[in-house]
Amino acid sequence: MFDNLSEKLDKAFHVLKGHGQITEVNIAETLKEVRRALLDADVNFKTAKEFTNSVKSKALGQDVLTSLKPGQLMVKLVKDELTELMGGEAAGVDLSGNPSVILMAGLQGSGKTTFSGKLANFLKNKKTKNPLLVACDVYRPAAIDQLHVVGEQIGVSVYSDRENSDPVAIAKAGVDYAKANGHNVVIVDTAGRLAVDELMMKEISNIHNAINPNETLFVVDSMTGQDAVNTAKSFNDVLDFDGVILTKLDGDTRGGAALSIKSVVNKPIKFIGTGEKMDAVDVFYPSRMADRILGMGDVVSLVERAQEQYDEEEARKLHKKIAKDQFGFDDFLSQIQQIKKMGSMKDLLGMIPGAGKALKGMDIDDDAFKGIEAIIHSMTPEERSTPSVLNGSRKKRIAKGSGTSVQEVNQLLKQFTQMSKMMKMMQGGGGRKMMQMMQG
Ligand code: GDP
């Protein structure tokens, strides 16, 4: 995410290295680099200029007050300014209605349908919400199918009416259906077009007036850079939407949309999409994003993800098994699956401070566990629960079955033994906390 920008900002801060103090001259040089970094990230010229002017006046006003080195001070000021630029505080979604109606707007291909599903899934996991998805794209039958597929995947009901060609009527009927069937959130997915056009604007504005949503969310593809910002402006002029959803931040985006949208439409970014899967969605926190851009990682989000996957019941069972020396390969496998549920490896590693830079350009294999899983899947139930039965011939059979080598099987066994020992050791006292951390 934003690798180029991170790298260029890092370079800009280097200008101040070795300087004992911030001066008009050295700060001008650094900020020139910062501005260039922002422009290269596709931030618009005016925003970039205001950004550096603001940092400059703050930096010059602080030179005597701080014990920070100029380089550190500049990192802090740029971080604060980036946070401010992206909206300051995190913004929530209004779920106060019963049902709460959420309207999705955006161009075709921006990721509306995908995000509708992600949001429904996100809310459903909150347990108190029972969302309904409503398909209002009457132009593309495939769009209705797509929403049904998404709904099925996440176990959320979808309302559609293929006989009806009036999206306003469908949206209204969808809300009525939700009321009648106990859904407390309604997510209305609408038709987009390839570019902003009058008809689409009229239609979405008619739907908006008819269902009077609690939230209107504008979905935009972050890869489209400044176009994203212009589209946001057009939609906002008509809809006065409540928030922005930036999708495809996992791609090769330069970051311009994330950095400029707030200052142009003055609406917060509420969620970001980071992949095609239903769980690839994050609440947008400006300050955490600023940390990530500056290579400081995002430990808070990492821990939160771990907590989301933490299952108390499972942890208790595991605890017992370890105490009784019954920890086996099936448990090992389920641990791996929990880690995998937290997100892609690259995404997770990117949240660790400094890791982003160290890993730059490296191809992080999301299938890192594949070999291990294949080996475990090739074991018999007995071998999984009692690994001590694994002798030479069994190992050979497992290696063959999993397409690996005996050496790899041995390596996994060694890791497994070490892990079991460690877990056993941690069982007492403070170990419990560590276990919970590992349980993730
Ligand atoms: P819609 O026309 O606005 O409903 O857009 P879709 O939801 O159909 O998304 C268009 C394409 O973008 C699909 O192939 C999605 O899988 C993909 N997509 C959506 N969101 C993301 C995301 O956050 N990351 C990535 N990599 N792809 C996404």
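I'll start with Asp242, which sits in the loop between helix 9 (226–239) and strand 6 (243–247). Helices here are DSSP runs of H or I with at least four residues, strands are runs of E with at least two, and both are numbered from the N terminus.

Before going on, two notes on the source. Residues are numbered from 1 along each chain as its sequence is written. This is a predicted model, in which local features need pLDDT of at least 70, side-chain atom pairs count only at pLDDT 80 or more, and totals for chains, interfaces and linings use all residues.

Back to Asp242: buried, or partly exposed? Asp242 is partly exposed, because 19 other C-beta atoms lie within 10 Å. The cut-offs are 20 or more such atoms within 10 Å for buried, 12 or fewer for exposed, and partly exposed in between, with C-beta atoms placed from the backbone. Leaving out residues up to four places away in sequence, Asp242 touches Glu215, Thr216, Leu217 and Lys267. A contact means that two C-beta atoms, placed from the backbone, lie within 7 Å.

Next, the ligand. Its shell has 18 residues, and the closest are Gly111, Lys112, Thr113, Thr114 and Gly273. To count as near, a residue must have its C-beta atom, placed from the backbone, within 6 Å of the molecule. Helix 5 (residues 112–124) contributes the most to this shell, with three residues. By class, the shell has 13 polar, four charged and one nonpolar. Nonpolar here is Ala, Val, Leu, Ile, Met, Phe, Trp, Tyr, Cys and Pro; charged is Asp, Glu, Lys and Arg; the others, Gly among them, are polar.

Residues 268–281 carry the UniProt feature "domain: SRP54-type proteins GTP-binding", from an unreviewed entry. In the model that span is 43% strand and 0% helix, with its end C-alpha atoms 16 Å apart.

Now helix 11 (residues 286–293). Seven of its eight residues are buried, namely Pro286, Arg288, Met289, Ala290, Asp291, Arg292 and Ile293. Gly295 follows the helix and has a positive phi, near 75°.

For the chain overall, there are 21 helices and eight strands, and 40% of the 440 residues are buried.

Last, confidence. pLDDT is the predictor's confidence in each residue, from 0 to 100. The chain mean is 85, and 88% of residues reach 70 or more. Over residues 429–435 pLDDT is below 50, and that stretch has six contacts in the model beyond near neighbours in sequence. The predictor gives the complex an ipTM of 0.99 and a pTM of 0.73.

Methods
UniProt positions renumbered as here; feature names shortened; annotations may be inferred.
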